[in-house]
Structure formats: C-alpha cells, structure tokens
Amino acid sequence: MADKLIVFDTTLRDGEQSPGASMTKEEKIRIARQLERLKVDVIEAGFAASSNGDFDAIKAIAGLIKDSTVCSLARANDRDIGRAAEALKDANSSRIHTFIATSPLHMEKKLRMTPEQVLEQAKLAVRFARQFTDNIEFSPEDGSRSDMDFLCRVLETVINEGATTINVTDTVGYGVPELYGQLIRTLRERVPNSDKAVWSVHCHNDLGMAVANSLAGVKIGGARQVECTINGLGERAGNTSLEEIVMAVKTRRDYFGLDLGIDTTQIVPASKLVSQITGFVVQPNKAVVGANAFAHASGIHQDGVLKARDTYEIMRAEDVGWSTNKIVLGKLSGRNAFKQRLQELGIALDSEGEVNSAFARFKELADQKAEIFDEDILAIVSNEAQTGSGEHFEFVSLSQHSETGERPHARVVFQAAGSEQTGEADGNGPVDATFNAIEGQVKSGAELVLYSVNAITTGTQSQGEVTVRLSKAGRIVNGVGTDPDIVAASAKAYLSALNKLYSKAEKLNPQLTP
Ligand code: KIV
Ligand code: ZN
C-alpha cells in the first residue's frame, strides 16, 4: 500500500498573512467549510493569540468542522499555546502548531536569544502544549538557513517532548529543490528519534520554487506532509500552492507513489472562493486553477484534443472542478433553487434570515442581469466582485450616463484603421452599454467569456485594470486596458481584445506544425 501524503492547508493562517488578504470570521468559516469539502487533512485556521477576532474564528471553525483536523499556530510561549488550546477545545480533532526561529540570523537579530535559550524555549513550549493535546506540530522558523547540528539538537529535543509533526520551513523562499530535499533527508537520518514524527515541508515562493521545493522534500527527503495554500496565497510571492501539489502528486503517481485524501473536484470552487473573498485574482495562466489552464479544450489545440484527449491533456478539467455548465440561475429562479446552489457551492448561511437577505440581493442582481453565474452568487454572499490596448482599434473618448432606475447609456469614440467611428448604445450597466456601443459598430460577433477589473494600487484614486476575454471560432484572446475610470478602462480592454482577434500575427505552435 502506498504512503499517504498529508495535506495541511494554511490559507487561513499563512495565506491570510498576505497584506490585504485578511478575512472576517464569516469568510474564514466559508473557506474552512470548502476546505473540508476538499477533504484536506489539516486546516490551520489561524493564530489564536493574534487577536480576539482570530481566536473567535478558530473557535467557530473548530466547532463546525468534523472531518479535518483543525489547527492553530502559536509562538513557543505559554500564553500563545494556552490561547490556541482554548480556541481548539471543541474540535473533533485538533492540533497545536508551535514554532520558534532557529537560524543564526533570526535568533540574533529577531529574537535576541542565544541558541541555548531557543532550544530551552522550544522544549518547554512543546512540553506545555502536551498538556492539551497529543497532536503537536513544531516548526523551526527559517529552518532552511539554520545550522544543521543545532537544528538536529532542537528537533530531537522537541520530538522527545512529544512533537508528532516536524515542519521544516523555508521561511524566506531561499531553498532550491535538491538542497531542500537533501536537508529533510539528512535531518531524518541524523535525528535519532526522527521515526517518531511525521516530517513536513513548508515553502515560500520568493524564487518561484515553492512547489518544486516541496515536492523535492517529499521525494528526496521522505516528507509525508505538505503545507500549502489555495492559489498559493501568502506573503510576498506566496506559499506552496495546494492545487499544484495535489495535481502533481496525483497526475504523476507513477513517480511519487503516494496517495492523497483530496477530492480534486473541489479544487476550482475552492480557488474561486478564496480569490473572491480575498480579492487576489488568479492569473489566467496559473497551473490547474488559472482560467487558461485548460483553454486548449476550445482553442488552438482543439483538433488534437478532439482526436485523442491525451495528446495535449494530462489532467481533465472536470477532475479539478471546472464545470461546463456556467449559467446556474436566472430571474425566475426561486428561493429553493437559490438555497440549493448555495449548498452546492459550500456556502452554509447560518440562519434563514441570512438566506432571505442573500436571496433578496440575488433578486436585485437578477433584475439587472439575465444570467446569474456561480461567481455572482459567491460575490453576493461575500459582497465583493472581481475585476485589459491595440493598433487597428484605438480608444479616443467615452461619455456614459447612468442613474438609478434608468438604463445606462454610453457613447464611445474610437479609431478603426485610422478612421474615427462613434458608437452609442444602452446596456444593463455602464460597462455593458460601453461594450454594446463598440460592438454595434464593429459587429465582431465575439462572445465575451470573461470580464475582470482590478485596482492597480490601493485607494479610490487608483487606476482600474480591466481584463476582457473574447472568444470567436475557437480563438480566445485577452485584452487589457487601464484608466482611472473603470468604464473607460473597460472600453480600452474591449478594443484591445478586438485588435488581437483581428490580428493576422497569430504564431504557429511548433508542436502543431507538421
Ligand atoms: O514560513 C514560516 O516559517 C512559517 C512558520 C510560522 C511555520 O509560516
Ligand atoms: Zn510560512
């Protein structure tokens, strides 16, 4: 029987440490529920001692989650560990994750402690945590830059005190796969009681190698737990991305020889939920969960894929939760259909009152928009929405009028092959009116398959960056437009996408060239 790889998700803790990604208790609960549907083994729900809000969120998650182990981070001191234990009290299965830095740099500059003091504190912390649970994880922070002999002493000590998982951190994303893999292997060989603990990898993506390092820790080092986040969310360049690890281990089972408990069909819903809640948009070419990850199914590789799926496809879109049925509800959909869709999306609203008010918001939106997608429903509940220039077509100017209770109207002036054109139209909203105004002149017949708008910087004066994806005859193009006025940015993005759609400069893919 193959070994199992434990998936430890830290979206709600390390992911949340990413500036701007902080979540409310309700948002954390929604994500935790989705993580449980995804069947992650361990959910690190937060850092109980960091705030009352985080404590409450961990406590609520511990009380609700039944199938995954719920974990709280705690620095290596009694107060933090006590708070973690208190927050986790109601959990079916819980874990305390305590840590202290072990690298010379961190010990001297950050902790201002000697190595002996750090060793003693690590020992006492695990001993204290042992009073509350026998499921204890210990992390030597900045582990990959720590002295090997010292690290071995610390890890042997904490295992003797009862630590059951040893998480070797690459806190600053400094590792390279082979060396990181060897680090884990050496530690496992040199720490005399290493067989009494599960070895875990925890990597950051500063050099873009978090996933590669984690996989090397598993393959070369023999680690059997991977710490990761949905969409690779996390500080700086992020953490190891759960979806990449899971699909690498599953797709290359021939190489890794490991089993996973994950329900991969829940990956994309989890990715969308995290993106929508945090406002961290997933890049289109992101492996597994990026909007382009399976675009060959309707793009240039279509012919090959239709003839034999595995010519260009190593994973199936449906296996990671990409659904083809995008329109889910409409104006006539009733409360039951709405409620059922909420459940299918893993959104469990606490009271009927909450369902009623979400349903009222759904009805308002359905009056503005004929087709309601899963993403709209997620935005309704999280009260957030997500968010693309050219040569042949060039944006000149835009005037647009919208007023509550009236259909918005837009007038767009643009250049088409050097001659000025003006389009005017109404629409469901200012952006719809703007696109209709352009389309009324250009008549491309393209289908708008994605529209997104992002604020480039913070604050209300920020420029909006709009991405528009158009599809026509199996060809999919992206256009990007930026402007402080997001409706003008939308017009630029639409014209940019049209330029690409009309461009003859499509490159031949050498793999498809006979
Ligand atoms: O990156 C890191 O070192 C951490 C520890 C706190 C586990 O996140
Ligand atoms: Zn980390």
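At what angle do helix H16 (residues 430-442) and helix H17 (residues 486-502) pack, and how far apart are their axes? Before I answer, a word on conventions. The model is predicted, with local features requiring pLDDT of at least 70, side-chain atom pairs counting only at pLDDT 80 or more, and totals for chains, interfaces and linings using all residues. Residues are numbered from 1 along each chain as its sequence is written, chains are lettered from A and ligands numbered from 1 in the order in which they are written, and side-chain values use heavy atoms, leaving out hydrogens and water.

Helices (H or I, at least four residues) and strands (E, at least two) are DSSP runs, numbered from the N terminus. Axes are lines fitted to C-alpha atoms, for helices over the stretch in contact, and angles run from 0 to 180 degrees between N-to-C directions.

To the answer, then: H16 and H17 pack at about 35°, and their axes are 9 Å apart. On the H16 side, the contact (heavy atoms within 4.5 Å) is made by residues including Phe435 and Ile438, and on the H17 side by residues including Tyr494 and Leu498.

I turn to the sheet beside these helices. An open sheet of three strands has the order S13-S14-S15 with antiparallel pairing; two strands pair if DSSP finds at least two bridges between them. Strands S13 (393-401) and S15 (419-426) are the edges, each pairing on one side only. On average, neighbouring strands are turned by 15° against each other, direction ignored. Strand S14 (residues 409-416) is joined to S15 by eight antiparallel bridges, and Ala410 has Ala425 of S15 as its bridge partner. H16 lies across S13, S14 and S15, at about 40° to S14, whereas H17 lies across S13 and S14, at about 145° to S13.

My last topic is strand S6 (residues 136-141). Six of its six residues are buried (under 20% relative accessible area, with exposed over 50% and partly exposed in between, for a 1.4 Å probe and protein chains only), so S6 is largely enclosed by the rest of the structure. Ile136, Phe138 and Pro140 are buried on one side, and Glu137, Ser139 and Glu141 on the other.

S6 pairs in the parallel sense with strand S5 (residues 94-101) over six bridges, and His97 has Glu137 as its bridge partner. Strand S7 (residues 165-170) runs parallel to S6 and is joined to it by two bridges; the partner of Phe138 in S7 is Ile166.
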